[in-house]
Amino acid sequence: MKPLLKVDNLRIELTTRDGVAPVIDDLSLQLNAGETLSFVGESGCGKSMTALALMGLLPEGVGRVASGQILFDGEDLTQASDARMREIRGNEISMIFQEPMTSLNPVYTIGEQIAEVLRRHQNLSRQAAWNKAIELLDAVRIPNPGARVSDYPHQMSGGQRQRVMIAIALACEPKILIADEPTTALDVTVQAQIFDLLRDLGRELGTATILITHDMGAVADMAERMIVMYAGRKAEAGPVEQIIEHPRHPYTKGLISCVPHLMATLTEERPELTEVPGIVPSLRDFGRDQCLFASRCDRADDKCKTSRPPEIEFENEQSSACWQAEQLR
Amino acid sequence: MSTELEHAVETARSPFAEAFEMFRKNHLAVAGLILLIVIILAGLFGPYIYVADPFDMVWAPFSPPGEEGYLLGTDYLGRDLLAMLIHGARVSILIGLSAAFLTVFIGITVGALAGFYRGLTEEILMRITEFFQVLPTLLFSMVIVALFGASLPMITLAIGLVSWPSVARITRAEFLRIRELEYVTAARACGVSNAKLIFKVILPNALPPIIVQAALMVGSAILFEAGLSFLGLTDPNVVSWGQIIGSNREYILDASFTVTVPGLAIFVTVLAISLVGDGLNDALNPKLRQR
Amino acid sequence: MKEKTAKPLLKVENLTVRFPVKRGGLFSKKSYLYAVDDISFEIARGETLAIVGESGSGKSTAALAVARLVKAHSGSVLLGDDDFLSLQDEALRQARAQVQFIFQDPYASLNPRLRAEAVVREPLDSLGTGDPSERQASIDALFKAVGLRPEQQRLFPHQFSGGQRQRIGVARALATRPELIICDEPVSALDVAVQAQILNLLRKLQKDFDLTYLFISHDLGVVQHMCDSVAVMYMGKIVEHADRLSLFNNPLHPYTKALLSAVPSVDKKRRQETKRILIPGDPPDPLSPPNGCRFANRCPAAQEQCSQSQPPLRQIAAGHTVACHLVSDNGIAPI
């Protein structure tokens, strides 16, 4: 099957005070129609930057695609014109953000904001767009949509606003939905509702989802495949269940075990959490020919500090960029 | 790793030291500052270097600049314009600084009390602030000067009284924001007294926008003084730039330099102050500062 | 485990915090929002009580009120024999030294104009604990205890990473040698990989200094790891209170159940075993809370009596109390 989205050796450079840094360094990935792929990592690892690159929304004048391709349905988005990207954005690829409080315009009703997208991309009439907006609110399970459609954003709770964002994102039945930490600002019971909603709508519409998160639990809950990003590079990739069961990269391992998880049964035992010492390297150090995780890794040896590990592929579709991936148990 | 730490320790500078560094890199602001220093020095030491009484009628009226060794010419009474300008600089700068100081003093006191204590205190203080804000400023200061006499302290007071509300509002807004920050709560958890909270914890962090406002206030006070003395509401025993313009205004068509020269002096001074204020704003505004 | 002393270190009784809310015009009648509504709990020396809840549950307000950083409307906070809420002057200062606070946001909780050493010194100076000549020595010791290097004392907050800033916050809380430390979401603003560092540090310090924690968090995974007992809050009320194992393995209140079921987990077994209990809608308006159970409008098990009278906290088993009409006396949950 031909993948819906294929990213090949993508390199994105960011111009900073200290020079040019590769915030995304040689990233390749595939996304099939209807599947959920998750990007995991700490902040500053390039998860959001990848999403912005897919949307053609890199910070102007600062970030640029240096090399590589983003093939969407066979079309290279890195070469697409601004006009073409505007057509794709919101229509074929859309995005929801972390902060539902600031991503809606406070001076328009939510109905107007949903209808606006429909009119722009689908040339619906004013009335038709309004009716569709009500349908969409119903689809994202907002009670009494006929009345709520004329509400202003401040009249809704955080969870409801995020539902409206989802309604806007899905208005044109996009092929890809990018969700950048969509529930970080929300309560856990609301998060569960939003995840359910995303899952159901994804299934109904056949939308492929890219879920950006730092929460391994959410990944396990939502995604089929995941990519662990570290300092702009792919550390590990593969099917979620396998990676959680048997991570092949020390960083993945650290990310899973540094968080206390709720288990099926709780016992008296409480082992110390595994610490990942230090922090993500600064942009200055991105792009060096070494494993960028080496400074925080307890297994690092000279080789890790002097040459960049290649991506090692395993039979079970898992791949890891670690010199010791094979030995790692 | 350890060398990095050493570097960090060596370069550990307070936010204000960092702001100074930013300011230094802003060429326009530095140019403004240099200009301002030159003007202040001229006002301070000029009278000792260029010894001349600005009230002496030294030569025929309206002699153009350069004639008979009078660099800027003479005014309608034949007084040396250069000497007047130098003495006028003193008055303008003195009034500018002291009025700005008064403004900031009243503004910070009112704003800090209102923002810190909230409730009834805030309600009362802010109503008073609003009262002063809606007064017609020029008219009000004219009344004060007319009633209590046109001495320099009275003019300063008049300017201070009409311009403090903006500082009070800024201070209050900053206090309202900062008092909710966790480090203030942390200080309260340590039992820090209210006076210390206001002056040692919150005020230093509230200063940046107030400093910018104060700098711009110096400029507007100079303009205000010029306006008052143009209208003749000034101490007749001292020379000021506005007064020179005012007294020569009838001859603007015949001897325009008598008006343009002091006008230019005001313009350049206020421009220099604005440049410095702008530079301070960029340097102190954390949003513009690179991480 | 730890030997339990007969008398709890902290005993909170009927604590209520309300905020005046102006509605409508200038002269309209004042109404009150009860952020914390009549809660009671106690913590034994050396133990950790966690208060969990979602936004608007009042958990942070409760913490601030216990530390006397928000004014309580009524109730008492007993530290030993004294009511912390009614102390004055010298007694208050001494009590403050016993109760310290760790804040959520390490970017807002350190005064940007103070060097790290001055941040840690602040409580020593203002509470006047210890000999002034020994303060530098105790600051050195504190930096060491939280895993910072002595050279870093000279740095300003903006020169530290989030995790390091939180370490400074911990050192500040430890400075006066308190017995009780209130941790208000101490790791929720930190990156995942850094959270473990702080959580491990807090556990180690608890052992080393025999600290008692009141731990506020919305993250049930973290709570499970840190606490000895848990109180679950919903709209200003404690709805369930139990020791760690009972609460997580045998939750009784429908809200607790829903909350636990909503947490995504990496544990496959848990994912398969846990039935997700969805609670639709939002909590009711806190300004006019319902007469009955506050959770009734979202509760999948709600019955008529639930919207009529407020369920009191009842003891179901030793150390396990729950406020729900539908939980049977022998501890069978409605769902």
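Me: How does the radius of gyration of chain A agree with that of a compact globule?
Reply: This is a predicted model, and the values that follow are computed from it. Chain A has eleven helices and twelve strands, and its C-alpha atoms fill a box of roughly 65 × 55 × 40 Å along the principal axes. A compact globule with 329 residues would have a radius of gyration near 20 Å, and chain A agrees with this at 21 Å.

Me: What percentage of the contacts in chain A between residues at least 6 apart in sequence join residues at least 24 apart?
Reply: Of the 329 residues of chain A, 47% count as buried. Among the contacts in chain A between residues at least 6 apart in sequence, the share that joins residues at least 24 apart is 65%.

Me: Which strands of chain A are the edge strands of the open sheet of four strands?
Reply: The strands of this open sheet in chain A follow the order S2-S1-S4-S5, with antiparallel pairing. S4(A), residues 63–72, pairs with S5(A) over two bridges, and Leu71(A) has Asp76(A) of S5(A) as its bridge partner. Pairing on one side only is what marks the edge strands, which are S2(A) (19–31) and S5(A) (75–76).

Me: At about what angle to S2(A) does helix H1(A) run?
Reply: Helix H1 of chain A, residues 47–55, lies across S1, S2 and S4 of that chain. The direction of H1(A) makes an angle with S2(A) of about 75 degrees.

Me: Which strands stand at the edges of the open sheet of eight strands in chain A?
Reply: The order of this sheet in chain A is S6-S7-S8-S3-S9-S10-S12-S11, and its pairing is mixed. Within the sheet, S3(A) and S8(A) (residues 208–213) run parallel and are joined by five bridges, with Phe39(A) opposite Ile212(A) in S8(A). Two strands have a single partner strand, so one side of each is left without a neighbour in the sheet: they are S6(A) (93–96) and S11(A) (312–313).

Me: Which strands of the eight-stranded sheet does H10(A) lie across, and at about what angle to S9(A)?
Reply: H1(A) packs on this sheet, touching S3, S6, S7, S8 and S9 of chain A, and its direction makes about 150 degrees with that of S7(A). H10(A) lies across S3, S9 and S10 of chain A, and its angle to S9(A) is about 105 degrees.

Me: Which helix of chain C is included in what covers the buried residues of H10(A)?
Reply: H10(A) is mostly covered, with seven of its eight residues buried, among them Pro250(A), Tyr251(A) and Lys253(A). The covering elements include, from chain A, S3, H8, S9, S10 and H9. From chain C, the covering helix is H6(C), residues 192–209.

Me: Which helix gives the largest share of the side of chain A that touches chain C?
Reply: Here 37 residues of chain A are in contact with 38 residues of chain C. The elements that give two or more residues to the chain A side are H7 (188–205), H8 (216–222) and H10 (250–257) of chain A. The residues of that side divide into 18 nonpolar, eleven polar and eight charged. The largest share, six residues, comes from H7(A).

Me: Why does Val266(C) count as buried, and which residues of chain A does it touch?
Reply: Val266(C) is found in the loop between H9 (254–262) and H10 (268–273) of chain C. Burial requires 20 or more other C-beta atoms within 10 Å, and Val266(C) counts as buried because it has 24. Not counting residues up to four places away in sequence, Val266(C) touches Met216(A), Gly217(A), Ala220(A), Ile244(A), Ile256(A) and His261(A).

Me: Which residue stands opposite Val12(C) in S4(C)?
Reply: S1(C), residues 10–21, runs antiparallel to S2(C), residues 31–43, and nine bridges join them; the bridge partner of Val12(C) in S2(C) is Phe41(C). S1(C) also pairs with S4(C), residues 74–79, in the antiparallel sense over five bridges. In S4(C), the residue opposite Val12(C) is Val77(C).

Conventions:
Residues numbered from 1 in each chain as written. Chains lettered and ligands numbered in written order. Predicted model: local features only at pLDDT ≥ 70, side-chain atom pairs only at ≥ 80, totals over all residues. Pairing = 2+ DSSP bridges. Contact = placed C-beta atoms within 7 Å. Axes fitted to C-alpha atoms, helices over the stretch in contact; angles between N-to-C directions. Rg over C-alpha atoms; globule rule 2.2 N^0.38 Å. Buried ≥ 20, exposed ≤ 12 C-beta atoms within 10 Å, placed from the backbone. Nonpolar A, V, L, I, M, F, W, Y, C, P; charged D, E, K, R; others polar.
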